[in-house]
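Welcome! Please have a look at the model first.

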Amino acid sequence: MSSFLSNRQGAVLRERARAPTEAELAQIPWLPSLGPAERARALEGLVVTEVPAGDYIIRFGRAATYWFGLVDGLLKMNNDESQGFAITFTGLAPGGWFGEGTVLKREPYRYNVQALRKCRVAGVPVDTFHWLLDHSIGFNRFVMLQLNERLGQFIAAREIDRLNNPDLRVARNLAALFHPLLSPNVDGILRITQQELAYLVGLSRQRVNEALSTLSAKGWIRVEYGGLRVLDLAALRSGELEPS
């Protein structure tokens, strides 16, 4: 637990780290794939901590010590601005686990992950992660699917960067946040503000508001109090819009 999070408030966050509750365990998508002995080993190392808005869970250049999952909140994965222009790779929604590529290679992180609001984050120690890989076929399958879907997501992100239509940029980013494997606990509604979505998409809040109105008029989404409901995920992923 001593290096659960590496940031300026690391000491405070380590003090808050605790064992997960039963309700939190029920939200971890890979636990059902484990046998009794494997589950017991995972639970020995699993911890949960609260992360204030603006704090970093992962910092560029730091060693990987945990494999992370988002229990509640919203995260942003982006490059380190010292390496060039700021680029947001993806948003991370509840139920999503991330960083397995870096954990597999036991190398320093090449990106940042920051809390856009107060979050609850779970972590599995790197050694436990590798033990599960060595002993659980179900866990291996989950990680393999994660890596495959994440690769597809980043390829799509490159395509999004080249889109000249802001409405489509918002649509594609929303589709990524509703990914059934990478964000399994979102279901049909995502609790997100227009400002948070603007941070992820790289547009102004006003332009995001216009895009949401367009997507709502198309019947692809419905804006509800405190969030967005997806009505047509396939359209968000691949639908076409008139140039704006």
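## Confidence first

The chain has a mean pLDDT of 87, and 87% of its residues reach 70 or more. Where pLDDT is low, the predicted coordinates should not be read in detail.

## Strands around strand 11

Let us turn to strand 11, which covers residues 227-230. Strand 10 (residues 221-224) runs antiparallel to strand 11, and four bridges join the two. Strands 10 and 11 form a hairpin with two residues between them, and in the turn G226 has a positive phi of about 80 degrees.

Strand 11 also pairs with strand 9 (residues 189-190), again in antiparallel fashion, through two bridges. Here I189 has R229 of strand 11 as its bridge partner.

## Aromatic pairs

The count of aromatic pairs comes to 11. One of them brings W30 and W67 together, with 5.5 Å centre to centre and 35 degrees between the planes. How is this pair classed? It is tilted, because stacked pairs need planes under 30 degrees apart and edge-to-face pairs over 60.

The W30 and W67 pair links distant parts of the chain, the two residues being 37 apart. W30 sits in the loop between helix 2 (22-25) and helix 3 (36-45), while W67 belongs to strand 3 (residues 66-72).

## The second largest pocket

Now for open space: the second largest pocket has a volume of about 380 Å³. Of its 14 lining residues, G101, T102, Y111, R150 and F154 are the closest to the centre. Helix 4 (100-105) and helix 6 (137-161) are the elements that give two or more residues to this lining. By class, the lining holds six nonpolar, three polar and five charged residues.

How many cavities of 30 Å³ or more does a search of the whole structure find? There are two. The second largest cavity holds about 30 Å³ of space.

Which residues line the second largest cavity? They are E24, Q27, I28, L70, V71, G95, W97 and N185. This lining divides into four nonpolar residues, three polar and one charged.

Key: Residues are numbered from 1 along each chain as its sequence is written. This is a predicted model: local features need pLDDT of at least 70, side-chain atom pairs count only at pLDDT 80 or more; totals for chains, interfaces and linings use all residues. Side-chain values use heavy atoms; hydrogens and water are left out. Two strands pair if DSSP finds at least two bridges between them. On a 1 Å grid over the protein atoms alone, a cavity is a set of points where a 1.4 Å probe fits but cannot get out, and a pocket is an open set with protein on both sides within 12 Å along at least five of seven lines; lining residues have an atom within 4 Å of a point. Grid points are joined across faces, edges and corners, and a volume is the space filled by probe spheres set on the points. Ala, Val, Leu, Ile, Met, Phe, Trp, Tyr, Cys and Pro count as nonpolar, Asp, Glu, Lys and Arg as charged, and the others, Gly among them, as polar. pLDDT is the predictor's confidence in each residue, from 0 to 100. Rings of Phe, Tyr and Trp (its six-membered ring) pair if their centres lie within 6.5 Å; planes under 30 degrees apart count as stacked, over 60 as edge-to-face and the rest as tilted.
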